[in-house]
Amino acid sequence: MAKDINKDEFPEETKLKLEIFAECFREWLPVFLYNQYIKKVFIYDFFAGSGLDSMGNLGSPLILLKEAKGENCKYCQSVVKNNKEVVFAFNEKVKSKSKYLKKNATIFLDSCKEKNCNTDCIYKLFFENLEFQEVFQKDNFKKVLNNKNFGKFILLDQYGFSQVDDQIFKELVNAPKTDFIFFISSSFIKRFKNHPSVKQYIKTENLDFDEKRPKECHRIIADYFERLIPERKEYYLHHYTIKKGSNYWGLIFGTNHTLGMEKFLSVCWEKDKLSGDSNCNIDNDYEAGSLFHDVNETYKKQKVKEEIKQAIISKQITDNISGLKMVLKKRCLPELFTVVIKELEKQGIVKRIGAVNNSSTNIHKIKEYQIKFEDK
Ligand SMILES: C[S@@+](CC[C@H](N)C(=O)[O-])C[C@H]1O[C@@H](n2cnc3c(N)ncnc32)[C@H](O)[C@@H]1O
């Protein structure tokens, strides 16, 4: 049985995971709150825990509530003004933990009310005490999940690996206006890949772990999930490896919108300026403070820049929008495309035609231009 995460103080690695959840949600919420086409917003924390650790540090459900207020209550005020409905659903299988969470959330909201607006919380909170798979299969959840007028943020902080299986992943990927983030014990899958209890959930014959590169096991797991995405579907997946001792855990984030991916990438690249995907210098780059450290020329950035350059030269990429999206797919910040195209232009290899611009953020709003080759 897994050790109860809420019984002790959260270790540093758990705090990092929670920080990423918080920052990811902080980026996500305003996008959906201010979108006039989204009628309701649903936030699901399916493995919610009891809300606090033994030292009173906030667990994921209270972190989400804290973030939902925004600076000077700006989000609560916007919800009132725009008459939007925002629902938080917290599920926790263990009855005593679910009860404790309800109590902790009530204390949290009472204190928020006292410190801030002196009115009852505008958000609707629901607490469930069920097996995740049971809630996920419920009709009322499926109706929300598949409703394209509802924005959904789904947090799946499972123990181990067995709850988010291929089927659940595919349903999440196919759900409209839905971003999700889940946690998975990648080292465990690697270590026990031939064990029937693992094979039951993950087709481990499709996992190609490199024994010489143990740091990369979570990348391999992320690639496994990426292969489950329907071909030709525009979809973005990113991951973040969390090393603790000799073990590797990780997060996997999914979105069908470029803006969702831009925002999650910016959270991750802010934390890991070398590769944007780990707390353990996954590509063995020169670290900050060492003689050859150059944050613009890390292994991953150099590799992706070269791949974009080749894609432009081979005419696989003929406009800026496909170039920017290619960089997102390669899990780097889209500004790398702009660096490469400007360099090729400076060298007289290509010219840009049409609505030429150097924008690299908010890709869905950027004007498209064409890339042509200079006549020699
Ligand atoms: C990693 S902890 C989540 C901690 C929480 N996110 C936090 O920040 O405190 C996983 C939680 O999921 C609960 N859990 C385990 N299996 C579950 C299942 N099948 N369905 C729902 N909850 C489950 C556990 O009791 C535990 O509290």
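How many residues of domain 1 are in contact with domain 2, and how many residues of domain 2 do they meet? Keep that in mind as you move through this predicted model.

**Stop 1: the two domains.** Select 12–271 of the protein chain and colour it; the domain assignment calls this domain 1. Now colour 295–373, which is domain 2. Their C-alpha centres lie 31 Å apart.

**Stop 2: where the domains touch.** Here is the count: nine residues of domain 1 are in contact with 10 residues of domain 2. On the domain 1 side, select β6 (236–244) and α11, which each supply at least two residues. Helix α11 gives the most, with seven residues. By type, this side of domain 1 has five nonpolar residues, three polar and one charged.

**Stop 3: α11 and its partner helix.** The crossing of α1 and α11 is right-handed. Show side chains next. From α1, pick Ile20, Glu23, Cys24, Glu27, Trp28 and Val31. From α11, pick Leu259, Lys263, Phe264 and Val267, which they meet. This contact of α1 with α11 holds seven nonpolar residues, three charged and no polar ones.

Technical notes: Residues numbered from 1 in each chain as written. Predicted model: local features only at pLDDT ≥ 70, side-chain atom pairs only at ≥ 80, totals over all residues. Left-handed = near helix turned anticlockwise from the far one by under 90°. Helix = DSSP H or I, 4+ residues; strand = E, 2+ residues; numbered from the N terminus. Contact = placed C-beta atoms within 7 Å. Nonpolar A, V, L, I, M, F, W, Y, C, P; charged D, E, K, R; others polar. Domains from an automatic or database assignment.
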